[in-house]
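Here is a briefing on one structure. Please look through the sequence and the 3D view before reading on.

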Amino acid sequence: MADKKHPGKDAAGVPDDGTGAGVPSEAAPDAAFAGDEEAVASADGIEEDELTVQDILDAAEREVAEPTSEHLADLKRVTAEYANYRRRTEANRAIEKERVTGDIVKVLIPVLDDIYRAEKHGDLVPDSAFATIAAKLRASVERLGLTSFGTVGDPFDPTMHEAIFQQPSAAVDTETVGDVAETGYYLGSTLLRAAKVVVQVPSDG
């Protein structure tokens, strides 16, 4: 019989260690691994080489059509950051524009002061060349946003008027601008210069 002639081997010809459990052949592990791969592929329902470019594009389109909550959160965050960036940029642009305009206007204020003094002393003759130039200059700075203030009879306001002299007067009941030594100017809502004025204060006499 075969068992008696070849002791130490099993029926498959594999050496036996005496326990009856033969040593598996080298091909056995590969076969087991291949079986695991096939099981995984079957579980996924698709082989790796079956995934095409069109599958990827279709998945991307589905993501755009029905984005996940994580992607929606990212989109909202990016949108909010961009909106904040635009607001900061526009605010900085407005501030820079006002600063540059203010620098230009400040250079012209001494010229406007000369025109005001000439007009106050009657040297600004109507329809003269000097009067025409003065009118054009005033119109130009007004287009830049410059406005003047400080008129006789205005109520005295310490936030925009600088009192250089107080003059008692029985003709007023409250502190009033009696004379303007130097016109004040606003650029938009920014006070460039307070008006220097003589203040009339109520007097019992």
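**Salt bridges and the elements they join**

Arg-117 and Asp-114 both lie in helix α4, 3 residues apart, about one turn of the helix. Helices are DSSP runs of H or I with at least four residues, strands are runs of E with at least two, and both are numbered from the N terminus. This is a predicted model, in which local features need pLDDT of at least 70 and side-chain atom pairs count only at pLDDT 80 or more, while totals for chains, interfaces and linings use all residues. Residues are numbered from 1 along each chain as its sequence is written, and side-chain values use heavy atoms, with hydrogens and water left out.

**Salt bridges**

- The count comes to 9 salt bridges, each defined as a side-chain nitrogen of Lys or Arg within 4 Å of a carboxyl oxygen of Asp or Glu.
- The side chains of Arg-117 and Asp-114 form one of them, at 3.2 Å from N to O.
- Arg-117 is partly exposed at 36% relative accessible area, and Asp-114 is partly exposed at 48%. The cut-offs are under 20% for buried, over 50% for exposed and in between for partly exposed (1.4 Å probe, protein chains only).
- Arg-193 also forms a salt bridge with Asp-113, with the closest N and O atoms 2.8 Å apart. This pair links distant parts of the chain: Arg-193 sits in strand β5 (residues 190-193) and Asp-113 in helix α4, 80 residues apart.
- Both Arg-193 and Asp-113 are buried. For Arg-193 the relative accessible area is 18%.
- Glu-182 meets Arg-193 in a further salt bridge, 3.5 Å from N to O. Here strand β3 (residues 176-182) supplies Glu-182 and strand β5 supplies Arg-193, 11 residues apart.
- Glu-182 is buried, with a relative accessible area of 16%.
- A network of salt bridges links Asp-113, Glu-182, Arg-193 and Lys-196.

**Helix α5**

- Helix α5 has 15 residues (129-143) and should span 21 Å at 1.5 Å a residue; its end C-alpha atoms are 21 Å apart, which agrees. The expected span is 1.5 Å times one less than the number of residues.
- Ala-131, Ala-134, Leu-137 and Val-141 are the buried residues of α5. They lie on the same side of α5, because their arc around the axis is only 125°. That arc is taken from the directions from the helix axis to the C-beta atoms.
- Ala-129, Lys-136 and Arg-143 are exposed on the other side of α5.
- The buried residues of α5 pack against α4 (69-120) and β1 (146-149). Contact means heavy atoms within 4.5 Å.
- Gly-145 follows α5 and has a positive phi, near 105°.

**The loop between α4 and α5**

- Leu-124 is placed in the loop between α4 and α5. At 16% relative accessibility, Leu-124 counts as buried.
- Beyond its neighbours within four places in sequence, Leu-124 contacts Ile-115, Ala-118, Glu-119, Phe-130, Ala-131 and Ala-134.
- Leu-124 and Ala-134 are 10 residues apart along the chain, with 8.6 Å between their C-alpha atoms.

**The sheet**

- Three strands form an open sheet in the order β1-β4-β5, with antiparallel pairing. Two strands pair if DSSP finds at least two bridges between them.
- β1 and β5 are the edge strands, each with a single partner, so one side of each is left without a neighbour in the sheet.
- Strand β4 (residues 184-187) runs antiparallel to β5, and 3 bridges join them.
- Tyr-186 has Leu-191 in β5 as its bridge partner.
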